[in-house]
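Student: I have a structure open here. Can you walk me through how parts of it pack?
Tutor: Go ahead and show it.

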Amino acid sequence: MTSHVSISCRACGLAAALRDTRCRACGGTLGFAYETPARWPSHPGRVWDYADLLPVPRDVAPVTLGEGGTPLVAAHRFDAARIWWKCEGANPTGSQKDRAISLAFTHARAIGARRVAVASTGSVGLACAAYAARAGLPCMILMPRDTPAERMKPMLAFGAIVAAVDSTFETIEHLLRALDDSWYQASTIAALSPYQSEGPKTIAYEVVAQLGRAPDWFVVPVGGGGTLAGIWRGFQDMQRIGRIDRLPRMVSVQTTTFNALEIGLARGLSTMAELAEIAADESHPTIARNLKHGVPPDALAALAALRESDGAAISVDEQAIRSWHLRLPAEEGIFAEPSCAAAPAGIEALAAAGRIKPDDVVVALVTGSGLREPGALPPATPIALPASVSPADLDRLVPRVG
Ligand SMILES: [Zn+2]
């Protein structure tokens, strides 16, 4: 048992053990309470520099690839406010999920897990494959039959066992839930895997160290909702231990099709059943595939964070996302996956509505690198030049600055 953290059910308060993944009495999601750390890093650290506020025993060696410590870059040409990009694409497998999955595999090591299973076609599967290789644990990744081969290749390179099931994601998740205790279930859904859900807190710790304060607004493109909820808990930790005296307002950005949080916040919905009634059909296409959830699995925790922080839930349309997917690399030098483009589109919408003021300090989470998903860009061909091309021809191609 760990000494710096106590584990209990968020619903009924019953104490839980490190081996538990949900409440043994009511099935509720587990939460964590920490002793106030005796020391705190004076410089922006990486994930495991903040181990005093993470829920695994201090004597277990972390399963790490050096995740965290990502750049906070000032917006260059986008002047809706004083905007900073938190560039999570700099993580080992190119997304913020590495923070959570490093924790999941360290928890798996702490309880002596012997093999790992996960259902994912995206960032979580890729991160699991990499951290399984690092941990020396066999890892099975299940995905629906129609998953493109490009998604599987990097996972196979990490040595994961990748299987395509002739079925839907939902059926695969049911199958995983029926596996016995010899399997560790890796997931970034807090109800299934609570330990990893503390990983995103480290984003807040780093931002406070990088800015020297909390921002006025923290904008997160929301897929599952766990990242936003975790970042909010991280800021609450920082206030509790006296590193900040005020909290940011959290903002979720979804697409206009998949906007369960926007509707949920506006209508005061507070149960998954209520959210399921307003959920969009997941067959609707969007370029921002990470945001495609009829109901984000961690929607209730995300909604609680939005309410507690007096934040905002907004949605942006497909055109705005496509536009910012091209503007971020061209104007800011940041090539992000399409779902990240929802963040600047969301800031633009909030600024236009007068909610974000020009002097406000805004941090936007750029969740993942676009280098992993170049196929999302429009078709393009290079300028064709003949073998006889001359230096003068090249001179005409490129304008000079200054
Ligand atoms: Zn309980």
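Student: Which hand does the crossing of H6 and H9 have?
Tutor: H6 and H9 cross in a left-handed way; that is, the near helix is turned anticlockwise from the far one by less than a right angle. This is a predicted model, where local features need pLDDT of at least 70, side-chain atom pairs count only at pLDDT 80 or more, and totals for chains, interfaces and linings use all residues. Residues are numbered from 1 along each chain as its sequence is written.

Student: Which residues make the contact?
Tutor: From H6, Gly 226, Leu 228, Ala 229 and Trp 232; from H9, Ala 301, Ala 302 and Ala 305. Contact means C-beta atoms, placed from the backbone, within 7 Å.

Student: And by class, what is in there?
Tutor: Six nonpolar residues, one polar and no charged. Ala, Val, Leu, Ile, Met, Phe, Trp, Tyr, Cys and Pro count as nonpolar, Asp, Glu, Lys and Arg as charged, and the others, Gly among them, as polar.

Student: Switching topic: how is the chain divided?
Tutor: Into domain 1 (5-64 + 97-196) and domain 2 (72-95 + 200-376), with bounds from an automatic or database domain assignment. Their C-alpha centres lie 22 Å apart.

Student: How many residues does the contact take from each?
Tutor: It takes 21 residues from domain 1 and 21 residues from domain 2.

Student: Which elements give two or more residues on the domain 1 side?
Tutor: Helix H1 (97-110) and helix H2 (123-135). Helices here are DSSP runs (H or I, at least four residues), numbered from the N terminus. By class, that side of domain 1 has 13 nonpolar, five polar and three charged residues.

Conventions:
Two residues are in contact if their C-beta atoms, placed from the backbone, lie within 7 Å.
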